[in-house]
Amino acid sequence: MQEKEKLPEEVYRDADPAELPDNAFRELGAGEHYRPVMHPAHDYPEATPYSVTMGLILAVIFSAAAAYLGLRVGQVFEAAIPISIIAVGLSGALKKDNALGQNVIIQSIGACSGVIVAGAIFTLPALYILKSSHPEITVNFFEIFLSSLFGGVLGILFFIPFRKYFVKDMHGKYPFPEATATTQVLMSGQNAKASGGQARLLVIAALIGGIYDYVVATFGLWAETVSTYMTSWGQTLADKTKVVVSCNTGAALLGLGYIVGLKYAFVIFAGSAFVWWVLIPLFGTYGASEITAMQPDTIFSTYARLIGIGGIAMAGIIGIVKSRGIIAQAAGLAVREFKGGAAGTKPQRWQLDISMKHIVFFMVIALVAVFLFFWLGVLHNLFQAIVAWIVVTVIAFLFTTVAANAIAIVGSNPVSGMTLMTLIVASAIFVAIGITGTSGMVAAMIIGGVVCTALSMAGGFVTDLKIGYWVGSTPRKQESWKFLGTLVSAATVGGVILLLNDVYGFTGKDALVAPQANAMAGVIEPIMMGGETPWILYMTGAVLALLLNWLGVPALAFCLGMFIPLPLNTPMLVGGAISWFVGSRSKDETLNNARLDRGTLIASGLIAGGALFGVFSALTRFAGYDGVIEMETWINQLLGLIVYVGLIIYLIVDSLRAKTVK
């Protein structure tokens, strides 16, 4: 019989706090324990008929909305925060007791929508795009549905063995910006009873951030991105040297940078600076004539960004090598469980996962189903199906930790970059074994859809489980109900993609935007039809990642900076610098920590408001409203700079108002 895991007695004596403990976001000292909000030794209502039903309803609604808006306006919004806001609002309106655990389940199930949509719309609409020039290609609901479903299931199963490492063992070492913001939203329901000031601060920051982002995205009252293009000398500099300095003025990105902190923000920005201020000027000065004629943005998307993709791929391989001990530990646990041996002490409720024996069992079933899908439903050739299955299994497993690492560090999953690399590698292998032409393109896109959804799910799931760790919910319940959310979301997304193709289409004058799928189709078609692949750029990125690792620089963070556009990385550095400034003004370390915590709450509000009002903005634009205010470019840019400075001052001043530890 397993002995129950024991923690110091003082962990159990405290009543449930209304706020997150003061060691929630920092590394633990020697002998220090983290005590979650929900008491580790008590049971709470979590997976109830109410929470499961609401989670599934929101999964359907947000799956349809995210797919619709993502393909219509080219904007994929993050569903976790809006769903958390709805969950907290509903539990308050219904006056539910002990609602926190139920709200976590609602969020976890509902958030399947965003990750499944991101996986599906990046790849599967490409089948319709390719069909326009290759009419013999056929697309049906079950291909889309099963690709999304199997990818989501594999993402869940591949990540669960790493849960303890990412959310518990690495406590305080990763910033988890999206999980931090979502947790603060969920905690606002608790704070409203015992600490109205905290909830009020979050709501005010969310309104400021939301209205700010809504106004700029919908009306264009000031520039969404300020850059050196606003001046004549800046335009001349870009034309002659290809050097550009730019910054997105969004409130959500500023809050994201604050939570990420200066350390990782600086490394990410360094990667971006290397691409934009070194590589792009080199390409633009010494490249071929067609390259020197390009604008910096075009050079970035066509050439320089591909180096970042190669770097991300190599950083992922490096991460796997470094994590081999964690992988071996998980494998050893599975072997011990199959032999019937005890796995040591029995975990506390809030550290209880689905048993490794069951995980391996379900993993075998899922992988067999994926193989049958490839063989009988896609390729109809046993040898080719075996090769495709091996490619998917190996790449999806290897990049699971990359996706989780990226979300934990920067809150942004480079799933499109990893999927693009997967498609290129898989296509090269397929061509070598005789899968070419239209059948090869279909196989590559469907298989790419499985990998893309698996990586998207792994990245999103680490957020859910980190939220659960902070508040003290039961991981096993989150993990179990995630499968049902994945099934419902995959079915919804499959139906919506077919419907949108029938109504709007993905090619032609009034077609849906689908930018990621168009990019995937553009890469796959020449490979399958005998075109060239820029292997030298990918290899350059891979060598750079190896060099960075040798120098002790976080390779994944640096290469993420190379992949993400400069305007999105600059506000990360600004937010990280504010975090450093706020937390270093006093000689009293306790006061510095209090100010940092207050700033984290404000930054979480900016992120939450930006995410929620971003949905409203997309809906407004989709409804046909085109009320962008016309003005001179330099005036628009100057207004953007002035308002952005005002937002920075608000974040700094309000954070410094903290006087005592919460």
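## Nonpolar surface patch

Patches are built from residues with over 30% relative accessible area and no salt bridge, where like charges are joined within 9 Å and nonpolar side chains (Val, Leu, Ile, Met, Phe, Trp, Tyr) within 5 Å. A salt bridge here is a side-chain nitrogen of Lys or Arg within 4 Å of a carboxyl oxygen of Asp or Glu. Accessible areas come from the Shrake-Rupley method with a 1.4 Å probe, and for residues only the protein chains shown count as cover. In this structure, Trp634, Ile635, Leu638, Leu639, Leu641, Ile642, Val645, Ile649 and Val653 make a nonpolar surface patch of about 760 Å².

One of the patch residues, Leu639, is found in helix H27 (residues 633–655). Helices (H or I, at least four residues) and strands (E, at least two) are DSSP runs, numbered from the N terminus. Leu639 has a relative accessible area of 34% and is partly exposed; buried means under 20% relative accessible area, exposed over 50%, and partly exposed in between (1.4 Å probe, protein chains only).

## Model and overall figures

This is a predicted model, in which local features need pLDDT of at least 70 and side-chain atom pairs count only at pLDDT 80 or more, while totals for chains, interfaces and linings use all residues. Residues are numbered from 1 along each chain as its sequence is written, and side-chain values use heavy atoms, with hydrogens and water left out.

The protein chain has 27 helices and two strands. Of its 662 residues, 57% count as buried. The chain exposes about 25800 Å², of which carbon and sulfur atoms supply 65%. Among contacts (heavy atoms within 4.5 Å) with a separation of 6 or more, 82% are between residues 24 or more positions apart.

## Nonpolar cores

A nonpolar core is a set of buried Ala, Val, Leu, Ile, Met, Phe, Trp, Tyr and Cys residues joined through side-chain atoms within 4.5 Å. The largest such core has 190 residues, and Leu154, Phe159, Phe166 and Phe374 have the most contacts inside it. Helix H20 (residues 437–471) gives the most to this core, with 21 residues. A second, separate core has eight residues, including Tyr50, Leu58, Ala79 and Ile83.

Leaving out residues up to four places away in sequence, Phe159 touches Phe166, Thr400, Ala404, Ala458, Phe461, Val462 and Leu465.

## Aromatic pairs

Rings of Phe, Tyr and Trp (its six-membered ring) pair if their centres lie within 6.5 Å; planes under 30 degrees apart count as stacked, over 60 as edge-to-face and the rest as tilted. The structure holds 24 aromatic pairs. In one of them, Trp350 and Tyr469 are stacked because their ring centres are 5.0 Å apart and their planes are at 25 degrees. Trp350 lies in the loop between helix H16 (324–338) and helix H17 (356–379) and Tyr469 lies in helix H20, so the pair ties together parts that are 119 residues apart in sequence. Both Trp350 and Tyr469 are buried.

Ring pairs also join Phe25, Phe159, Tyr165, Phe166, Tyr174, Phe176, Phe461 and Trp470 into a cluster.

## Salt bridges

The whole structure has ten salt bridges. Arg598 and Asp654 form one of them, at 2.8 Å from N to O. Since Arg598 lies in helix H26 (residues 589–622) and Asp654 in helix H27, the pair ties together parts that are 56 residues apart in sequence. Asp654 is buried, at 8% relative accessibility.

Lys164 and Asp169 form a salt bridge at 3.2 Å, N to O. Lys164 is partly exposed at 39% relative accessibility, and Asp169 is partly exposed at 36%. The side chains of Arg26 and Asp22 meet in a salt bridge at 4.0 Å, N to O. Arg26 is partly exposed at 33%, as is Asp22 at 48%. Salt bridges link Asp22, Arg26 and Glu32 in a network.

Helix H12 (residues 251–260) is mostly covered, with nine of its ten residues buried. These are Ala251, Leu253, Leu254, Gly255, Leu256, Gly257, Tyr258, Ile259 and Val260. Gly261 follows H12 and has a positive phi, near 90 degrees.

Ile578 is in helix H25 (residues 566–582) and counts as buried at 5% relative accessibility. Neighbours within four places in sequence aside, Ile578 is in contact with Leu254, Tyr258, Ile648, Leu651 and Ile652. Ile578 and Ser655 are 77 residues apart in sequence, and their C-alpha atoms are 9.7 Å apart in space.
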